[in-house]
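Here is a short briefing on the fold shown below, covering the sheet, the helix that goes with it and the nonpolar core.

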Amino acid sequence: MSDRTEIIVHPVSPQGGRKVTVHALGVDADLGRAHTPRDVAEFLRRADLEDVDLGKDGPITWEGGGPEVWNRPDA
């Protein structure tokens, strides 16, 4: 079992925003729905992960586009 922390910012939902999840120590947690990178940073701060680089080359997996994508392509 891996104890590596995985952070995923999911694609923009039809309702708006991007779901943020974390997998750490064998547990999956939904941190909330972010509407800006600042929201992601706040969710991570609350989860004691405030030193995480939010850039594309950081440890976060950005699904459906990087940290600059906050609107659905068909919107």
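The sheet is open and has four strands in the order E3-E2-E1-E4, with mixed pairing; two strands pair if DSSP finds at least two bridges between them, and strands (E, at least two residues) and helices (H or I, at least four) are DSSP runs numbered from the N terminus. This is a predicted model, in which local features need pLDDT of at least 70 and side-chain atom pairs count only at pLDDT 80 or more, while totals for chains, interfaces and linings use all residues. Residues are numbered from 1 along each chain as its sequence is written, and side-chain values use heavy atoms, with hydrogens and water left out.

- Strand E1 (residues 6-12) and E4 run parallel and are joined by three bridges, and Thr61 in E4 is the bridge partner of Ile8.

**Helix**
- Helix H1 (residues 37-46) packs on the sheet, where it touches E1, strand E2 (18-24), E3 and E4; contact means heavy atoms within 4.5 Å.

**Core**
- The largest nonpolar core has 11 residues, among them Val9, Val22, Phe43 and Trp62; such a core is a set of buried Ala, Val, Leu, Ile, Met, Phe, Trp, Tyr and Cys residues joined through side-chain atoms within 4.5 Å, where buried means under 20% relative accessible area (1.4 Å probe, protein chains only).
- H1 supplies the largest share of this core, three residues.
- Leaving aside neighbours within four places in sequence, Ala34 is in contact with residues including Gly17, Val40 and Trp70.

Key. Axes fitted to C-alpha atoms, helices over the stretch in contact; angles between N-to-C directions. Buried < 20%, exposed > 50% of the residue type's maximum accessible area, 1.4 Å probe, protein only.
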